[in-house]
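Please look at the sequence and the structure first.

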2 protein chains.
Amino acid sequence: MSKTFEKLKPYLDKAMALQTARSLFEWDTQTLAPFGAADNTSKVNGILSDEYMKSLINDDVRQLLKKLQEEQEQAELSDLEKAIIKELAKSYEQLESIPPEEYKEYNELTSISSRKWAKAKKDNSYSDFAPYLQKIIDFKKKFASYRVKDGKTPYEVLLGDYEECFMIKDLDAFFDKFKAEIIPLVKEVYKKTDTIDKSYNSLNYDIEKQKEFCKYLSGYLGFDFNRGVIAESEHPFTLQLHNHDVRITGRYLENNLESSIFSAIHETGHALYEMNIDDSLTQTPVGTGASMGMHESQSRFFENLIGRSYDFWEPIYEKLVEAFPENLQNIPLEKFIKGINKVSPCLIRTEADELSYCIHIIIRYEIEKMIFNNEVTVDDLPKVWNQKYQDYLGIAPTNDSEGILQDIHWSFGEFGYFPSYAIGTAVASQIYEYMKEKMPVSEYLRQGNITPIREFLRDNIHKYGATKNTNEILKDLCGEEFKPDYYINYLKEKYSRLYEL
Amino acid sequence: MSKTFEKLKPYLDKAMALQTARSLFEWDTQTLAPFGAADNTSKVNGILSDEYMKSLINDDVRQLLKKLQEEQEQAELSDLEKAIIKELAKSYEQLESIPPEEYKEYNELTSISSRKWAKAKKDNSYSDFAPYLQKIIDFKKKFASYRVKDGKTPYEVLLGDYEECFMIKDLDAFFDKFKAEIIPLVKEVYKKTDTIDKSYNSLNYDIEKQKEFCKYLSGYLGFDFNRGVIAESEHPFTLQLHNHDVRITGRYLENNLESSIFSAIHETGHALYEMNIDDSLTQTPVGTGASMGMHESQSRFFENLIGRSYDFWEPIYEKLVEAFPENLQNIPLEKFIKGINKVSPCLIRTEADELSYCIHIIIRYEIEKMIFNNEVTVDDLPKVWNQKYQDYLGIAPTNDSEGILQDIHWSFGEFGYFPSYAIGTAVASQIYEYMKEKMPVSEYLRQGNITPIREFLRDNIHKYGATKNTNEILKDLCGEEFKPDYYINYLKEKYSRLYEL
């Protein structure tokens, strides 16, 4: 270890410990904490955030970082040390610009606002959440404005926090092409949506049995229960304390079997990424996924490309039928596969079919751009939201719980996050194309053998954590940077065939 | 607020936030965390403990504390500020003597050792746990030796951390009297144990239904689910993040109904104490119970004096029968009450009957004294343990899981804690005698009206948090300090009657 790096390490360790504590509070708040705890607990969180910031943003670390950046040029650092320095410099750029008092206040706010969002969604009352959303947006605009440089817009600053490889021009290019090619296809498919019957999916499915089957599915895909747990929350998510403690949540609806199954597969994809990160990166700033986009590529890979395929279900469908014989015994696998790929008009992003999913993201992206360009007020958001759904999908929410209030992200201040889902989904297709060239994926799936697939992802993506960025991973793996065409072509080919267009 | 106190406050707030984070990790480790997380998580805990210590033990706080102690003499501080200063001075005495490196190492050790204990207990293998126990004892001896003064022995230093009002001479007096009066009674009762039949208790009781009934019981006693949650763990416990987030755990055995019921009542007693602490004390060093002994008095009050009485069960027994008609429909309330008060030879403290319970504590107290007087080695502990059970109760464990390994406390380094259970149980009897003079307790119970009982405890005990100590509370409430006679007389009277001696 470089001597300068050795001096930096205690600061990093302290920051990581505080970060891990904050993660545990987040987990606890979303899964278990009593409702009345929120006010006092958010104060505790505010103090921990403040301490986290102080542990990184101080003269000692600033000087060590500067010295290390010089050493880096003289090649005195290991690759891992270099990666950590790069990540730390990024955090510095993000955090140093924000006055500590504002940062603390903001963290206290988001700790409360996520509870307010949950209640507003439950009560279907956007006006109860709007004042908090307004405050969050004001903070995010201010924070972004502190960091604007190199010709970036404030929204691009936020986008960069989740995915450094893509800016507005890249996203616009991707999304414009997507809209041009896929919206007409969606509209054609909508006309034929009734040709697939999946009424079986909305029969009564015992919640405990769903939990049991979802747990089985996670384990089947490789979720290691010695290093992870599954709980419940309003909105499914994955969270890691470190690569030996990775947690996912599920949500279970009595009259929607697919909802829990595909959430479980999706979150397991995230969890496998974190569990497979190399132990040398544990509790360092690079001991997590490369980016939100890359993370979503792994969850979407398992959810869509693997999880919606005939080959995947062939060896395990019988087990699902055994869990719910009253509903599924007369549904052959062929019919189930058509059902889980059925395209139907849907207002809820997390329940959306694979074909239209990206439209939901594009709507959020366009609205976020409007917010940060000051083209819309908080009060007008529901109207704009509903209009875009009408324009792109031909459907509109009848209440705000299924509209503007449906996602948790903004209540945490996560603006700029949504595009990651689209990038990830597209990256998944790109990786899948390449993987199929390298191994008999279909055959493995039909044998119930997920191991080689998981190990391929581990060895080419997961183990590196955040030591590489999305385009570096793609270039090393596929020989080219991000290209959305694989995704668009995959959708066109698959859904034209499914609906015999 | 005193200006000096105002300067102290950020240090206290930071310490409390770190303490709250550590509590959450403790909760998580005991209830949910995956087994494989322990090593990395214990490192995180070590760092947080270290930071907690640094936040209190530093020159700034030292000087502020000194100044505040002077101001206190000039009566410039509020009562609350004085109480906080007193508590802080106590923490100072405890922590300042320990070198930070040793404290950190010790915290990392106990974070691992509680997992090692759980595994050793499961595997019935004391030798797997013994090396960790040895290390913990070595640390505790060293830490206590740093703090020995005023003629106290090392063990008295540890006792004082849980209950400052009682030293070895007080405990010896209490326990010698108890042994002299109660051991002969236990032995007489043992001869007649078969006159009470409670075979119903070991029939098959559905775990989910037990959980549901226990949850009902907690709510019936006043547990506020808006400010608390219930989970499961190997050993039931109560933990608070603050007075608006109080958590209890249960353990459920298929063939032992009483076990879960009386654990639930016991932990609810602890929880009510924490929930009823005044909001002005929240997240301050006095925002918790007065002492472990006082805390146990509240749990034991509900568990034994209330929970084992005919009056308590009269209005709710039918609900229990409804939950388990197959086992209880032919058991009249009278028989159930005899059953839950039945005295039988028992090796497990947490399952022990009310009459012999304190003997279990005395055994642990005597062994702890031997450990800290260097009169026994770690290797010999199982032998000594088993011999004492033989001598006092006429029974001996056949394996270490039901002997030396049964309690979690030592794996956390909690030496000196056990006597609190006995003190608390005796204090409960003392309070109960006084309460019965002030209100018609039996009548309230028969009406299913717990509120006046709970409010009496809240107004005379709970709300004060740790601003008073055990003897101050007792003196203000009952007009006298601690007196174990109420407890001993209560046991003699109750069990002579029950067994017609």
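The side chains of A:Lys492 and A:Glu181 meet in a salt bridge, with 2.4 Å from N to O. A salt bridge here is a side-chain nitrogen of Lys or Arg within 4 Å of a carboxyl oxygen of Asp or Glu. A:Lys492 lies in helix α22 (residues 485-498) of chain A and A:Glu181 in helix α8 (residues 168-191) of chain A, so the pair ties together parts that are 311 residues apart in sequence. This is a predicted model, in which local features need pLDDT of at least 70 and side-chain atom pairs count only at pLDDT 80 or more, while totals for chains, interfaces and linings use all residues. Residues are numbered from 1 along each chain as its sequence is written, chains are lettered from A and ligands numbered from 1 in the order in which they are written, and side-chain values use heavy atoms, with hydrogens and water left out.

**Salt bridges**

- Over all chains, the structure holds 78 salt bridges.
- A:Lys492 is partly exposed at 30% relative accessibility, and A:Glu181 is partly exposed at 29%; buried means under 20% relative accessible area, exposed over 50%, and partly exposed in between (1.4 Å probe, protein chains only).
- Salt bridges that share partners join A:Lys14, B:Asp50, B:Glu51 and B:Lys54 into one network.
- A:Glu102 forms a salt bridge with A:Lys142, and the closest N and O atoms are 3.8 Å apart.
- That pair links distant parts of the chain, 40 residues apart: A:Glu102 is in helix α5 (residues 100-123) of chain A and A:Lys142 in helix α6 (residues 126-147) of chain A.
- A:Glu102 is buried, at 16% relative accessible area, whereas A:Lys142 is partly exposed at 35%.
- A:Lys54 forms a salt bridge with A:Glu51, with the closest N and O atoms 3.5 Å apart.
- A:Lys54 and A:Glu51 are 3 residues apart in helix α2 (residues 38-56) of chain A, which means about one helical turn separates them.
- A:Lys54 is partly exposed with a relative accessible area of 48%, while A:Glu51 is buried with 6%.

**Helix packing**

- Helices (H or I, at least four residues) and strands (E, at least two) are DSSP runs, numbered from the N terminus.
- Helix α16 (residues 357-372) of chain A packs against helix α17 (residues 381-393) of chain A at an angle of about 140 degrees, and their axes are 10 Å apart.
- Axes are lines fitted to C-alpha atoms, for helices over the stretch in contact, and angles run from 0 to 180 degrees between N-to-C directions.
- α16(A) is therefore oblique to α17(A); angles under 35 degrees count as roughly parallel, over 145 as roughly antiparallel, 65 to 115 as roughly perpendicular and the rest as oblique.
- The axes of α6(A) and helix α7 (residues 154-162) of chain A come within 8 Å and cross at roughly 90 degrees, so α6(A) and α7(A) are roughly perpendicular to each other.
- In α6(A), A:Lys140, A:Ala144 and A:Arg147 meet A:Pro154, A:Val157, A:Leu158 and A:Asp161 of α7(A), where contact means heavy atoms within 4.5 Å.

**A contact with chain B**

- A:Asn40 is found in helix α2 of chain A and is buried at 14% relative accessibility.
- Not counting residues up to four places away in sequence, A:Asn40 touches B:His242, B:Asn243, B:His244 and B:Thr282.
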